[in-house]
Number of protein chains: 4
Amino acid sequence: MKIAIMGSGGDAPGMNPAIKRFVEVAYEMGHEPYFIFDGLEGLIDGKIAKAIYKDVAGIIHRGGAIIGSSRSKRWYENEYRKKAFENLKEHNIDAIVVMGGDGSFRALDLFNKEFSINFVGIPTTIDNDIYGTDLCLGVDTALNVIRDAVDKIRDTASTFARAFVIETMGRECGYLAAVSAITSGAEVCVIPEVDFNKPLATKILQKEIKEGRRYILAIVAEGTKRTAEIAKWLEDDIGMETRVTVLGHIQRGGNPTVKDRMLGFGFALKALEALNAKEEGKIVVYKNGEFGVESLKDALKPYTIDPQILSMLHFLD
Amino acid sequence: MKIAIMGSGGDAPGMNPAIKRFVEVAYEMGHEPYFIFDGLEGLIDGKIAKAIYKDVAGIIHRGGAIIGSSRSKRWYENEYRKKAFENLKEHNIDAIVVMGGDGSFRALDLFNKEFSINFVGIPTTIDNDIYGTDLCLGVDTALNVIRDAVDKIRDTASTFARAFVIETMGRECGYLAAVSAITSGAEVCVIPEVDFNKPLATKILQKEIKEGRRYILAIVAEGTKRTAEIAKWLEDDIGMETRVTVLGHIQRGGNPTVKDRMLGFGFALKALEALNAKEEGKIVVYKNGEFGVESLKDALKPYTIDPQILSMLHFLD
Amino acid sequence: MKIAIMGSGGDAPGMNPAIKRFVEVAYEMGHEPYFIFDGLEGLIDGKIAKAIYKDVAGIIHRGGAIIGSSRSKRWYENEYRKKAFENLKEHNIDAIVVMGGDGSFRALDLFNKEFSINFVGIPTTIDNDIYGTDLCLGVDTALNVIRDAVDKIRDTASTFARAFVIETMGRECGYLAAVSAITSGAEVCVIPEVDFNKPLATKILQKEIKEGRRYILAIVAEGTKRTAEIAKWLEDDIGMETRVTVLGHIQRGGNPTVKDRMLGFGFALKALEALNAKEEGKIVVYKNGEFGVESLKDALKPYTIDPQILSMLHFLD
Amino acid sequence: MKIAIMGSGGDAPGMNPAIKRFVEVAYEMGHEPYFIFDGLEGLIDGKIAKAIYKDVAGIIHRGGAIIGSSRSKRWYENEYRKKAFENLKEHNIDAIVVMGGDGSFRALDLFNKEFSINFVGIPTTIDNDIYGTDLCLGVDTALNVIRDAVDKIRDTASTFARAFVIETMGRECGYLAAVSAITSGAEVCVIPEVDFNKPLATKILQKEIKEGRRYILAIVAEGTKRTAEIAKWLEDDIGMETRVTVLGHIQRGGNPTVKDRMLGFGFALKALEALNAKEEGKIVVYKNGEFGVESLKDALKPYTIDPQILSMLHFLD
């Protein structure tokens, strides 16, 4: 088979190890691996090239993705999907391995139904909002980048009587914020999924400050859009000078962790095995420590955060 | 119940989060948590104190263990174990949660048989050589410290035509070395479990050097005691100037990763649940993404590295 | 002499090494070192204690300051300064070494004129806005924290066609932003001191994008209050999806760099030497690689960024 | 002029920023910049190419050197130097900027005398053993890599009663070891320049252990070849279990610090200015915070460590 790999949507650490493993295993299996550069935009513009070993030498430890990625508006117009199809046919490409999130998987699924170009999805997003998999590619690195930032703030927090608000990524999903709050011992965590009990938090934090609490760490998920509000609350109602950090794309950067490299390897292998087994339009997943394959429908059920994680947060309703 | 937590043997990142969670959950459950300081040595010397919330504030992100640890020769003499027992009785301590490796678990098991002091073990060693658990506390941090070191070497390796030998920890277990080699793309990996095919490696590496290979990374597990030999082989037979790095205790240091904090939390909770359930002499484990409890016998079967990991290494027999 | 050390204003990495060295050298010189905790607020409240060796063991590598710091409004009322004076007299303290910025130095200077309590100032602020010294304590660490963040963003920037805005600290001073922009190769840098030529930047960046530029890094000093405006400009006029990172207090955190430890040592020594030499109300400085002492008037002239640094920035008027 | 830049000898972080600045400034000045790849070996083999802007895009934050480096035995045979000269003449190259240490400078000096190929040297070695400059390119990064490693060990050291020996680079020069010992608060530091008073150290350390000291950090410069001996002494005479870390090439790796990027920029500019000013066979230096130019003779006087640094070490004779 001729199989192409591509990124789609936001990038995430671990894509390069996945790309490397994809190329190596594809050759071992007797396939011909291809790159589609710059996501769906590149697919429309015909940025496709055969992948050779040398392309993936020395990339295992780099963040980002050597093949790029993109979001595409043109994709939702017929003529451009047709163009994409023709570009693939020109290279006789049989199937696509796509690293992306739910939106990208649905886009490829429709494309498959329209033009019969099979695909396998690798859940790749630091938001960790894919139901079917315990971990998406990039999450472990993002969590550790956040941890490192919060540790830095914590080291100095006790010097000063201050509150610190740290805004994390995650779109509509509070996973990054919740796990970061738990593992950094933050007092306050605000996520989109559950209501934050401000009156209760006010009462308890004010009491603790009277008893000697010197600082407050608050982790706020960007999806709540409440960063400014929480900062104002800490300043005005709790009465602590407050400082805000918006981590932004730092969370997508940095060398992938060991876990994200192993995940990238495992996802790439499983994706190729799925294609060998003639699976159609599947998502590879990592669940209870094992790699598997799920249908789009099963993998993309609405995501909810593990109740055990939620139970470790304070002041939630 | 009065329950004491202690470290035993080598330290590992993640002990502090486990200690913090132990104290918090013990109080929530209505128990009285105690610290035994400095391991079995401290137990013999009566270094025991009640744990309060304040003791575990601000420790979640620190490497090491605030309660210390030790190896003890005196423990194997009857009189000192008797002393240890008396120290525990003086505080009316019912059970011990011990963070350590197989040796420590066996020591506590004998002690329990002798003096009826129940215990639960938390597998805590960067060697990852406990059969019953996929991950021991500290392994994820150690792997990422090694990764960071190898990434640094890799960044500059291509500047020079050179070979680099990196010795990792792991005692008789090659897990750290094997996973590090895979995730850092090392060409050579030498571990105690499997023979390294030197003639084959010589042939292939010499060929690759002729074709343009500029550098070689070799990861050697300390348990093989072959670091110097491999360096000499690379220098003399492969013909590359070779430099050796012995990572040593750096691998035990640094702020615990998010995974090791979550593991520490989960192990501590499960240990207390096991004591609530009146389990006797058990080990808590993390397997296929779930926390569980196993008997000493089951948990301490001879450890072997996952064949899938071995299959990703080069030049093994 | 009895000499107290205190922090005042914002904290900065390197204070702990300075505190450690202060205590050690004070004893070597035959003085009695004291701590004033929590800055001017603590001085008013009498938080003063004799410093012993043990207090400063194991702190050399920690961010923050074990003696705390603060900003104080009460200080500007007579009665509280009088209280502060009485607290000092109670301990017979002869002089104060204060780690802070220009505001703190002026506060101590007035206090000295009012109550004859001599002081030496150690320029301690990541803003680097003290005229008399090439480097303030904490600047080198802050610059390297920013660098690490920008390196992370850069690693992934090329994956995507995107613009990244990074807001750095520095109050009214653009030093941190300027040096960060130069050393991270940022295309855009906006600082309070010099006007940023938006029309020129627009023209050139648009041209470069047409020729293949894939991403833009923009460093914006918080003092300009233009972070949102620059992000909007990149999105609307330059036409790149834009993401914002506000680094915030991460910049004050993390283990101090080697340079900040050496600076802390050097400043502490020089401060004590100045007191030995009966200097009155002086600031210790680091200039052209040497430690020295300057009058308040000389050290606090209006700060301007080195023209050579400015000359390396793009698009400045 | 046509001016080529090359590396020679061991690599050091900061070479890439220097290369980038060299290319940019050379074009600004109206020169034609060239690369010589792989050091003197590459010069002999004619690996020379014109440098363009695109070559130096996205390299500012990378360790190593994109143009490579080498040590060369062939260089010391006439025929190969002649070949090198002919290669340079073929491209009409007028002068060389060489990043290296004293050996490389002397090699280029003889070459200049033989063939009239002018050169400027940029002191580039983590050993910091060049008399004429306060800092060589790469030293600041190396020191911070060592610091990070020692901080990791320190974080866990207090868990255990143990001694840790860390071997640092530096060839015959103890600078790296000495500054690392001071800034990490190591108890023991052994360097080639000064004798280490073992009997005194034994006496004092044994006394401190009796009084409660829990761990010992010892930094040993590789040039002393005493790493194993010091480890044995700590184990046998001081009576602490001892662990050894040999940092090796990690010290050359990692993203260059802000200081090393600024040094790289400054050295590259000064080197080109020196060639503009028709200087012959000079070394650029960084002294008391300023960049300057010195003759080979002046710059390469025997290096000695600053007595103030030595005075901060313990147990030296």
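1. Lys278(C) sits in the loop that connects α9 (258–276) to β10 (282–287) of chain C; helices (H or I, at least four residues) and strands (E, at least two) are DSSP runs, numbered from the N terminus. Phi of Lys278(C) is near 60°, a positive value in a residue other than glycine. Lys278(C) counts as exposed, at 70% relative accessibility; exposed means over 50% relative accessible area, buried under 20%, and partly exposed in between (1.4 Å probe, protein chains only).

2. This is a predicted model, in which local features need pLDDT of at least 70 and side-chain atom pairs count only at pLDDT 80 or more, while totals for chains, interfaces and linings use all residues. Residues are numbered from 1 along each chain as its sequence is written, chains are lettered from A and ligands numbered from 1 in the order in which they are written, and side-chain values use heavy atoms, with hydrogens and water left out.

3. Arg171(A) also has a positive phi, near 45°, and is not a glycine. The residue belongs to the loop between β6 (162–168) and α6 (175–184) of chain A. Its relative accessible area is 41%, so Arg171(A) is partly exposed.

4. In chain D, strand β6 (residues 162–168) is mostly covered, with 7 of its 7 residues buried. One side carries Arg162(D), Phe164(D), Ile166(D) and Thr168(D), the other Ala163(D), Val165(D) and Glu167(D), and both faces are covered.

5. β6(D) runs parallel to β8 (residues 215–221) of chain D, joined by 7 bridges, and parallel to β9 (residues 241–246) of chain D, joined by 6 bridges; two strands pair if DSSP finds at least two bridges between them. Glu167(D) stands opposite Val220(D) in β8(D) and opposite Val246(D) in β9(D).
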